[in-house]
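This briefing goes through one protein model by topic.

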Amino acid sequence: MTVSVGEIIEGTVTGITNFGAFVQLPAGKSGLVHISEISHDYVEKVSDYVKKGEKIKVKVLSISQDNKISLSIRQAKPKSTQPAEIEWNKADNSQKGLSFEDKMNQFLKDSNERHDQLKSRDNKKSSGMGARNMGGSD
């Protein structure tokens with residue numbers, strides 16, 4: 001079986017490195033999925049997304065003169081345009097048994113704390129810059 005650019009095929013992960021994953025393709029060929037082609041999301045560790053021995057679908061991006069095959073997992077499956085599913089009925093144990101008013105008070109307290117933290121951080125940033133920019137030129 002020949003492998004051609006643009007084709008989506010199934011392969012098996014044979015090795016994982018910090019820069020990508022090696023994939024065994026049909027007919028004894030192998031290729032590399034670079035870390036930037038693993039997922040639509042930011043990938044810090046390849047091993048968080050694929051495991052050795054796992055069967056995956058890949059898209060053939062390119063085949064170099066010396067027969068090195070560049071592959072992509074993320075281009076083999078379209079990016080979802082659907083928003084993430086929210087589990088509205090999932091119970092939040094810290095809020096269980098509280099009245100609406102208690103939940104609202106907790107929310108306001110948390111919100112005010114976050115707001116104060118942001119204000120504090122912004123004040124630190126602006127006071128540090130202000131000292132440098134205070135030099136007058138008469």
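Two strands count as paired if DSSP finds at least two bridges between them. In these terms, Gly11 has Ile56 in strand 4 as its bridge partner. The model is a predicted one.

**Overall make-up**

- Read from the N terminus, the elements of the protein chain follow the order β-β-β-β-β-α.
- The protein chain has 138 residues, and 20% of them count as buried.
- Its accessible surface is about 10,800 Å², with 51% belonging to carbon and sulfur atoms.
- For contacts between residues at least 6 apart in sequence, 52% link residues that are at least 24 apart.

- Strands of a sheet pair through backbone hydrogen bonds, in either a parallel or an antiparallel sense.
- Strand 3, residues 30-34, pairs with strand 5, residues 69-72, in the parallel sense over three bridges.
- Within strand 5, Ile69 is the residue that stands opposite Gly31.
- Strand 1 (residues 8-17) and strand 4 (residues 55-63) run antiparallel and are joined by five bridges.
- Strand 4 is also antiparallel to strand 5, with four bridges between them.
- Ser70 in strand 5 stands opposite Ser62.

**Nonpolar core**

- The largest nonpolar core has 18 residues, and those touching the most other members are Leu25, Val33, Val50, Ile56, Val58, Leu71 and Ile73.
- At least two residues of this core come from each of strand 1, strand 2 (20-24), strand 4 and strand 5.
- The most is given by strand 4, which supplies three residues.
- Ile56, the bridge partner of Gly11, also touches Gly11 when residues up to four places away in sequence are not counted.

**Aromatic pair**

- A pair of aromatic rings is described by the distance of the centres and the angle of the planes.
- The count of aromatic pairs comes to one.
- The ring centres of Phe19 and Phe22 are 6.4 Å apart and the planes stand at 85°, so this pair is edge-to-face; the cut-off for that class is over 60 degrees.
- Phe19 counts as partly exposed, because its relative accessibility is 38%.
- Phe22 has a relative accessibility of 35% and therefore also counts as partly exposed.

**Loop between strand 4 and strand 5**

- Strand 4 and strand 5 form a hairpin with five residues between the strands.
- Asn67 is found in the loop between these two strands.
- Most residues other than glycine have a negative phi.
- Asn67 is not a glycine, yet it has a positive phi of about 65°.
- Is Asn67 buried or exposed? With a relative accessible area of 57%, Asn67 is exposed, since exposed means over 50%.

Note on methods:
Residues numbered from 1 in each chain as written. Predicted model: local features only at pLDDT ≥ 70, side-chain atom pairs only at ≥ 80, totals over all residues. Heavy atoms only, no water. Buried < 20%, exposed > 50% of the residue type's maximum accessible area, 1.4 Å probe, protein only. Contact = heavy atoms within 4.5 Å. Areas by Shrake-Rupley, 256 points an atom, 1.4 Å probe, with all protein chains shown as cover. Phe/Tyr/Trp six-rings, centres within 6.5 Å; stacked < 30°, edge-to-face > 60°. Core = buried A, V, L, I, M, F, W, Y, C linked by side-chain atoms within 4.5 Å.
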